[in-house]
Amino acid sequence: MVGDQLRRLRHERGETLGETATRAGVSPQYLSEIERGRKEPSSEMIAAVTGALDITLVDLTREIAERLIAMREHSTTQLSGTQSQFVLAA
């Protein structure tokens with residue numbers, strides 16, 4: 001989820017991998033691997049990338065938490081609907 005969120009933020013800023021990577025002090029290839037979930041970045045690396053995107057670690061964490069909550073609520077709603085269908089079928 002960290003990589004997805006970083007990619008979304010980078011796209012919102014209209015930046016290329018190279019632009020963000022240069023400011024973060026990492027290679028574009030490494031940033032790409034973080035965004036795709038292929039590399040588990042250290043907290044220092046996440047801090048460097050969030051700094052390059054002009055957001056704080058707190059902002060990133062909050063956005064990920066909000067996304068997880070929304071996903072949980074969505075899956076709970078779907079489960080409730082599925083359970084209702086089973087009750088109706090019975």
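User: Hi! Which glycine with a positive phi follows α3?

Analyst: This is a predicted model, where local features need pLDDT of at least 70 and side-chain atom pairs count only at pLDDT 80 or more, while totals for chains, interfaces and linings use all residues. Residues are numbered from 1 along each chain as its sequence is written, and side-chain values use heavy atoms, leaving out hydrogens and water. Helices are DSSP runs of H or I with at least four residues, and strands are runs of E with at least two, numbered from the N terminus. After α3, with a phi near 75 degrees, comes glycine 37.

User: Within what arc do the buried residues of α3 fall?

Analyst: Buried means under 20% relative accessible area, exposed over 50%, and partly exposed in between, using a 1.4 Å probe and protein chains only. In α3 (residues 28-35), the buried ones are Leu31, Ser32, Ile34 and Glu35. They line one face of the helix because, seen down its axis, they fall within an arc (taken from the directions from the helix axis to the C-beta atoms) of 160 degrees.

User: Which residue meets glutamate 35 in a salt bridge?

Analyst: A salt bridge puts a side-chain nitrogen of Lys or Arg within 4 Å of a carboxyl oxygen of Asp or Glu. Here the N to O distance is 2.7 Å, and the pair links helix α3 to helix α1, 25 residues apart. Glutamate 35 counts as buried at 4% relative accessibility. Its partner, also buried, at 6%, is arginine 10.

User: Is aspartate 54, the partner of arginine 13 in a salt bridge, buried or exposed?

Analyst: The closest N and O atoms of the pair are 3.1 Å apart. Arginine 13 is partly exposed at 37%. Aspartate 54 has a relative accessible area of 58%, so aspartate 54 is exposed.
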